[in-house]
Amino acid sequence: MATSTLMKSQLRLVLENGKHSTSGNPIFKTKSFNNVKTDASPTQLFAVATALANLQTLPLHNVERFDHSEIEEQ
């Protein structure tokens, strides 16, 4: 049997950086923030992301959370 332990989390803001000249598809730029508390709730992270997005010049497209876990056999 294996167990998973959450080791660290990362918050990523996905910002719109214009449109592609030929296809018209949006171009995205990301800003990543490390050392996010692993027990932070989605509501807390979204509140922080919204506050950080207000400091950016580009509009916010999406908020992502990346969790890194260690899996060990017991």
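Strands here are DSSP runs of E with at least two residues, and helices are runs of H or I with at least four, both numbered from the N terminus. Keep that in mind and select Q10: this residue is found in strand β1.

A word on the model before going on. The structure is predicted, with local features needing pLDDT of at least 70 and side-chain atom pairs counting only at pLDDT 80 or more, while totals for chains, interfaces and linings use all residues. Residue numbers start from 1 along each chain as its sequence is written, and side-chain values use heavy atoms, leaving out hydrogens and water.

**Stop 1: around Q10**

Is Q10 buried or exposed? Q10 counts as buried, at 15% relative accessibility (buried is under 20% relative accessible area, exposed over 50%, partly exposed in between, with a 1.4 Å probe and protein chains only).

**Stop 2**

Show the three strands, which make an open antiparallel sheet in the order β2-β1-β3. Strands pair if DSSP finds at least two bridges between them. At the edges are β2 (26-36) and β3 (60-73), each with a single partner strand, so one side of each has no neighbour in the sheet.

- β1 (residues 2-19) with β2: eight bridges, antiparallel.
- Pick S9 to see D67 of β3 opposite.

In the β1 and β2 hairpin, six residues lie between the strands, and G24 takes a positive phi near 80 degrees.

**Stop 3: the core**

Next, select L11, L13, L15, V36, A40, L45 and A49, the seven residues of the largest nonpolar core. A core like this is a set of buried Ala, Val, Leu, Ile, Met, Phe, Trp, Tyr and Cys residues joined through side-chain atoms within 4.5 Å. Its largest share, three residues, comes from β1.

Finish on V36. What does V36 touch, not counting residues up to four places away in sequence? The partners are S9, Q10, L11 and L45, with contact meaning heavy atoms within 4.5 Å.
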